[in-house]
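Visitor: Please show me the model, and let us then discuss it by question and answer.

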Amino acid sequence: DLDYDATKLDAARSRILAQNLDVLVAMFSWESVLWFPALLKGSTIRLVISEHSNPEWVISKWNAYERHCCMLTADHIRVLVNNYAATFPAALTERVSVIPNPAYLTDAPPARPRAKERYTLLAAGRFIEDVKQFSLLIKAFALLEKDFPDWDLELCGNGPSFADYTKLVEALGLRERVRMPGMV
């Protein structure tokens, strides 16, 4: 609940310091990414910048040099996939960790009794391989599909990787088990 107004920097810094933090994890966003280094300047609070977006998209909106300068202020940088880590210059690579979004298997609801003839795994999102990596899901389904003959996979979405995913489904012999209805 910080007001990203440079005239209110001192008040915001006071609010942060009053929290007695050891580490602040800042999500990379346009209005705040430069704000947190300024807030923490001179403090002992460690800064972790977590960048979830595709770096190519970030750089298309923001200068790569500015992004790297901002990241130099971080004690640590967290990205989602390995090829995102490769977008940083050598001076930053030792600060970068790849930590994918987790799948919380312990939070899964208990299995229901079989009441259907067919089940559907549903995934939805933008079909942009270097961001969403639906190819991993398709390949994982291919490894399991013989063990689960009553399960199908449905991928809802659209994007530049639609044709590549369609070809992958065909190449893995999954045409009868994987549906791709596009945007729904």
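Guide: A residue is called buried under 20% relative accessible area, exposed over 50%, and partly exposed in between, with a 1.4 Å probe and protein chains only as cover. This is a predicted model, in which local features need pLDDT of at least 70 and side-chain atom pairs count only at pLDDT 80 or more, while totals for chains, interfaces and linings use all residues. Residues are numbered from 1 along each chain as its sequence is written, and side-chain values use heavy atoms, with hydrogens and water left out.

Visitor: Which helix has the highest mean pLDDT among the elements of the protein chain?

Guide: The term pLDDT denotes the predictor's confidence in each residue, from 0 to 100. Its mean over the protein chain is 84, and 86% of the residues reach 70 or more. Helices (H or I, at least four residues) and strands (E, at least two) are DSSP runs, numbered from the N terminus. Among these elements the lowest mean, 70, belongs to helix α3 (residues 55–61), and the highest, 97, to helix α9 (residues 162–171).

Visitor: How many residues apart are Arg177 and Glu145?

Guide: These two side chains form a salt bridge, with their closest N and O atoms 2.8 Å apart; the term requires a side-chain nitrogen of Lys or Arg within 4 Å of a carboxyl oxygen of Asp or Glu. Arg177 lies in the loop between α9 and β7 (178–182), and Glu145 in the loop between α8 (134–144) and β6 (151–156), so that the pair links distant parts of the chain, at a separation of 32 residues.

Visitor: Is Asp152 buried or exposed?

Guide: Asp152 meets Arg179 in a salt bridge of 3.7 Å, N to O. The pair joins strand β6, which holds Asp152, to strand β7, which holds Arg179, across 27 residues. Arg179 has a relative accessible area of 36% and is partly exposed. Asp152 has a value of 7%, and is therefore buried.

Visitor: Why does Glu170 count as partly exposed?

Guide: Glu170 forms a salt bridge with Arg175, the closest N and O atoms being 3.0 Å apart. Arg175 is exposed, at 54%. Glu170 counts as partly exposed because its relative accessibility is 42%.

Visitor: Which residues of α8 are exposed on the face turned away from its buried side?

Guide: The buried residues of α8 are Phe134, Ser135, Ile138 and Phe141. They lie on the same side of α8 because they cover an arc of only 125° around the axis, the arc being that of the directions from the helix axis to the C-beta atoms. These buried residues pack against β5 (119–124), α7 (129–132), β6, α9 and β7, where contact means heavy atoms within 4.5 Å. The face turned away carries the exposed Leu136 and Leu143.

Visitor: Which elements do the buried residues of α1 pack against?

Guide: In helix α1 (residues 9–17), the buried residues are Leu9, Ala12 and Ile16. Seen down the axis they fall within an arc of 65°, so they line one face of the helix. An α-helix has 3.6 residues a turn, so residues three or four places apart point the same way. The buried residues of α1 pack against β1 and α2 (35–40).
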